[in-house]
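I am keeping these notes as I look through the model, going from the whole fold to single residues. I write down each question before I look up its answer.

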Amino acid sequence: EPKVREESIEWLANMPSDKAGPVLMKMLVDTDARVIRKSIDALGDMKFEMAKPELAALTRHQDENVAVEAAIALRKLGDPSAAEAMVPIWGAKSTSADSGERHNAVRRLRSFRLESTRVYLEPRLTDESGRVRDEAKKAIAQLDKDLAK
């Protein structure tokens, strides 16, 4: 069951990376996209360097959520190039006529935690949708916090 595999990832994420990393890497080929995303996230959080090639390949995954998670994990590992390449795509989506799409795009831009997203986030501060404005405010506050570090 995917739910059981997801729970095992949470358990593995608390183990030393030399033990958990290889197991998590095997889960990157799971049939369930949520399992793959959770594995990617755990590998990024533990900064498991050996996963870089697999994560790079996953940035081209057919499921855009998997691709985004892989780009974020690579950024956590010190390689922001895949996330930077996605910024203009999500930036364009942030101007959609659909407020739900704009909210999702701003949420994605926020998750990248890259200064290059600011140019797309700032116009959303005056968005007609309160949800979009709130997400943009959170994203910019996070960028400012990261910049101050």
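**Entry 1: the fold.** Which pattern does the protein follow when it is read along the sequence? I note before anything else that this is a predicted model. Reading along the sequence, I find the pattern α-α-α-α-α-α-α-α-α, and my count of elements gives nine helices and zero strands. The radius of gyration is 16 Å, close to the 15 Å that the globule rule gives for 149 residues, so I write that the protein is as compact as a globular protein of that length. For the outline, I looked up the C-alpha trace, which spans about 45 × 35 × 25 Å along its principal axes.

Entry 2: What share of the 149 residues counts as buried? The value I find is 42%. The accessible surface comes to about 8,000 Å², and carbon and sulfur atoms account for 53% of that surface. Turning to contacts between residues at least 6 apart in sequence, I see that 56% of them join residues at least 24 apart. I then looked up the charged side chains, and there are 26 positive and 26 negative ones, with the centres of the two sets 2 Å apart.

**Entry 3: helix H5.** Helix H5 covers residues 64-76, and its 13 residues should span 18 Å at 1.5 Å a residue; the end C-alpha atoms are 18 Å apart, which agrees. Is H5 mostly covered or mostly open? It is mostly covered, since I read that 10 of its 13 residues are buried, where buried means under 20% relative accessible area. Among these buried residues I list Val 66, Val 68, Ile 72 and Leu 74, and the list also includes the charged residues Glu 69 and Arg 75. The partners against which the buried residues of H5 pack are H3, H4, helix H6 (81-93) and H7.

Entry 4: What is the phi of Lys 47? It is near 55°, a positive value in a residue other than glycine. Lys 47 lies in the loop between helix H3 (33-45) and helix H4 (52-58), and at 49% relative accessibility it counts as partly exposed. Arg 113 has a positive phi of about 55° although it is not a glycine. Where is Arg 113 placed? I find it in the loop between H7 and helix H8 (118-121), and with a relative accessible area of 36% it is partly exposed.

Definitions and conventions:
Residues are numbered from 1 along each chain as its sequence is written. This is a predicted model: local features need pLDDT of at least 70, side-chain atom pairs count only at pLDDT 80 or more; totals for chains, interfaces and linings use all residues. Side-chain values use heavy atoms; hydrogens and water are left out. Helices (H or I, at least four residues) and strands (E, at least two) are DSSP runs, numbered from the N terminus. The radius of gyration is taken over C-alpha atoms; the globule rule is 2.2 Å times the number of residues to the power 0.38. Buried means under 20% relative accessible area, exposed over 50%, partly exposed in between (1.4 Å probe, protein chains only). Contact means heavy atoms within 4.5 Å. Accessible areas come from the Shrake-Rupley method with a 1.4 Å probe; for residues, only the protein chains shown count as cover. The place of a charge is taken as NZ of Lys, CZ of Arg, CG of Asp or CD of Glu. The expected span of a helix is 1.5 Å times one less than its number of residues.
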